[in-house]
Amino acid sequence: MEESIKYFLSKLETADNMAKNEIENNLVSFGQEAVPELVNELQVVQGVKRGVVAMTLIRIGDASVEYLKKAAQDNKDFEWVAKYLISEINCKVA
């Protein structure tokens, strides 16, 4: 799973908008199993990668919340990002 996620994230560097959407959809399709690795990646990636990972976690939804809370506890610099994403997940209309 981790290698697949890293593969898709590496493709974002040269992706156009259509490819970015496809990559995001592929990451979302991994579902709950991908959440721990996506949360780890979110703490280190920048730019487009960070945006796609954040949207993927929001789209995966409630399964992301526990991992985001844990990451916020362990990494105070990440706390505001985690809180923002959790608020987006909690306010998301199904």
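At 18% relative accessibility, Phe8 counts as buried, because the cut-off for burial is under 20%. This is a predicted model. Phe8 pairs with Phe30 in a tilted arrangement, with 6.0 Å centre to centre and 55° between the planes. Phe8 belongs to helix α1 and Phe30 to helix α2, so this pair ties together parts that are 22 residues apart in sequence. Phe30 is partly exposed, at a relative accessible area of 23%.

How many aromatic pairs are there? The count comes to two. Besides the tilted pair of Phe8 and Phe30, there is one between Tyr7 and Phe8. Here the ring centres are 5.5 Å apart and the planes stand at 70°, so the pair is edge-to-face. Tyr7 is partly exposed, with 47% relative accessible area.

Helix α2 runs over residues 17-30 and has 14 residues. From first C-alpha to last it reaches 20 Å, close to the 20 Å expected at 1.5 Å a residue. Which residues of α2 are buried? They are Ile23, Glu24, Leu27 and Val28. These cover an arc of only 140° around the axis, which puts them on the same side of α2. An α-helix has 3.6 residues a turn, so residues three or four places apart point the same way.

The other side of α2 has exposed residues: Met18, Glu22 and Ser29. Cover for the buried residues of α2 includes α1 (2-11) and α4 (47-60).

## The ends of α2

Asp16 caps the N-terminal end of α2. One of its side-chain oxygens lies 3.3 Å from the backbone nitrogen of Met18. Met18 itself is exposed. Just after α2 comes Gly31, with a positive phi of about 70°.

## Helix α3: largely enclosed

Is α3 largely enclosed or open, and what packs against it? Six of its eight residues are buried, so α3 is largely enclosed by the rest of the structure. The buried residues are Val35, Glu37, Leu38, Val39, Glu41 and Leu42. They pack against α1, α4, α5 and α6.

Glu41 sits in helix α3. Glu41 is buried, at 8% relative accessible area. Leaving aside neighbours within four places in sequence, Glu41 is in contact with Ile5, Lys6 and Leu9.

## The nonpolar core

The largest nonpolar core has 29 residues. Which of them touch the most other members? Leu42, Leu57, Leu68, Phe78 and Leu85 do. Helices α1, α2, α3 (35-42), α4, α5 (62-74) and α6 (79-91) each supply at least two residues of this core. The largest share, six residues, comes from α4.

Leu85 shows how parts of this core meet. Leaving aside neighbours within four places in sequence, Leu85 is in contact with Leu42, Ala54, Leu57, Ile58 and Leu68. Among these partners, Leu42, Leu57 and Leu68 are also listed with Leu85 as touching the most other core members. Leu42 is also one of the buried residues of α3.

Terms used: Residues numbered from 1 in each chain as written. Predicted model: local features only at pLDDT ≥ 70, side-chain atom pairs only at ≥ 80, totals over all residues. Heavy atoms only, no water. Helix = DSSP H or I, 4+ residues; strand = E, 2+ residues; numbered from the N terminus. Expected span 1.5 Å × (residues − 1). Buried < 20%, exposed > 50% of the residue type's maximum accessible area, 1.4 Å probe, protein only. Arc of directions from axis to C-beta. Contact = heavy atoms within 4.5 Å. Polar contact = N/O pair within 3.5 Å; in protein donor to acceptor, adjacent residues only side chain to side chain. Core = buried A, V, L, I, M, F, W, Y, C linked by side-chain atoms within 4.5 Å. Phe/Tyr/Trp six-rings, centres within 6.5 Å; stacked < 30°, edge-to-face > 60°.
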